[in-house]
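I am opening my notebook to look around a protein chain. Come and read along as I jot things down.

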Amino acid sequence: VGEDADYDCRWRRGDVIGLAVDLAGGSLYVSVNGSFDAPHGEIYKEMFDTELGLFPACSLAAGSKCIFNFGERAFKFTPPDASYQPVTAFKGADWEANVAKFNGQKARAINRVEQAAQQ
């Protein structure tokens with residue numbers, strides 16, 4: 001947990017991968033088809049500083065596809081316990097401003113990449 005180590009969790013096409021973040025404890029949990037049991041469960045402990053914010057990200061192999069659900073529709077499987085809330089539960093007055101800020105940062109990053117490619 002929290003160290004470079006082999007991760008014995010495996011999944012295949014059609015599996016549902018769940019992520020749960022404990023913001024207070026700084027832990028990340030993963031489930032496969034609703035199971036948080038080993039080798040799933042807590043995979044990182046005290047891994048981040050929430051003062052800096054959190055942004056979802058995903059790396060996929062070429063040709064891979066996935067669908068994200070941040071809580072805009074019902075989850076297929078339940079979180080580790082009832083204290084976990086979907087990302088959409090935190091929509092407040094700052095939500096649209098934060099989305100606009102993120103989109104602006106993304107647009108600037110894409111612009112820098114395109115400019116570098118033209119040089």
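These are my entries, in the order in which I looked things up.

**Ground rules**

I am working with a predicted model, where local features need pLDDT of at least 70, side-chain atom pairs count only at pLDDT 80 or more, and totals for chains, interfaces and linings use all residues. Residues are numbered from 1 along each chain as its sequence is written, and side-chain values use heavy atoms, with hydrogens and water left out.

**Entry 1: the overall layout**

I began with the elements and found 1 helix and 3 strands in the chain. Helices (H or I, at least four residues) and strands (E, at least two) are DSSP runs, numbered from the N terminus. Read from the N terminus on, the order is β-β-β-α.

Next I looked up burial, and 12% of the 119 residues are buried. Buried means under 20% relative accessible area, exposed over 50%, and partly exposed in between (1.4 Å probe, protein chains only). The accessible surface of the chain comes to about 9900 Å², and 52% of it belongs to carbon and sulfur atoms. Those areas come from the Shrake-Rupley method with a 1.4 Å probe; for residues, only the protein chains shown count as cover.

I also looked up contacts, meaning heavy atoms within 4.5 Å. Among contacts between residues at least 6 apart in sequence, 32% join residues at least 24 apart.

Is Ser31 buried or exposed? I found that Ser31 counts as buried, because its relative accessibility is 4%. Ser31 lies in strand S2. Leaving aside neighbours within four places in sequence, Ser31 is in contact with Val16, Ile17, Gly18, Phe36 and His40.

I followed one of those partners, Ile17, into strand S1 (residues 17–22). Ile17 counts as partly exposed because its relative accessibility is 35%. Together with Trp11 and Leu19, Ile17 makes a nonpolar surface patch of about 330 Å². Patches are made of residues with over 30% relative accessible area and no salt bridge; like charges are joined within 9 Å, and nonpolar side chains (Val, Leu, Ile, Met, Phe, Trp, Tyr) within 5 Å.

**Entry 2: the loop between S2 and S3**

I stopped at two backbone details here. Asn33 sits in the loop between S2 and S3, and its phi is near 50°, a positive value in a residue other than glycine. With a relative accessible area of 34%, Asn33 is partly exposed. Pro39 is in the loop between S2 and S3 too, and the peptide bond from Ala38 to Pro39 is cis, with omega near 10°.

**Entry 3: aromatic rings**

A pair of aromatic rings is described by the distance of the centres and the angle of the planes. Rings of Phe, Tyr and Trp (its six-membered ring) pair if their centres lie within 6.5 Å; planes under 30 degrees apart count as stacked, over 60 as edge-to-face and the rest as tilted. How many aromatic pairs does this rule give? I noted 2 aromatic pairs.

Tyr29 and Tyr84 are an edge-to-face pair, because their ring centres are 6.4 Å apart and their planes stand at 85°. Tyr29 lies in strand S2 (residues 27–32) and Tyr84 in the loop between strand S3 (41–44) and helix H1 (95–118), so the pair ties together parts that are 55 residues apart in sequence. Tyr84 is buried, at a relative accessible area of 17%.

Phe68 and Phe70 form a stacked pair, 5.9 Å centre to centre with 0° between the planes. Phe68 is partly exposed at 43% relative accessibility, and Phe70 is partly exposed at 31%.

**Entry 4: around Asn69**

Where is Asn69? I found Asn69 in the loop between S3 and H1. Not counting residues up to four places away in sequence, Asn69 touches Ala74 and Phe75.

I then looked for polar contacts, which are pairs of N or O atoms within 3.5 Å; within protein, one must be able to donate a hydrogen and the other to accept it, and residues adjacent in sequence count only if both atoms are side-chain atoms. The Asn69 side chain reaches the backbone nitrogen of Glu72 at 3.3 Å, and a polar atom of that side chain lies 3.2 Å from the backbone oxygen of Arg73.

**Entry 5: the salt bridge**

A salt bridge is a side-chain nitrogen of Lys or Arg within 4 Å of a carboxyl oxygen of Asp or Glu. My search of the whole structure found 1 salt bridge. The side chains of Glu72 and Arg73 meet in a salt bridge at 3.1 Å, N to O. Glu72 is partly exposed at 48% relative accessibility, and Arg73 is partly exposed at 41%.
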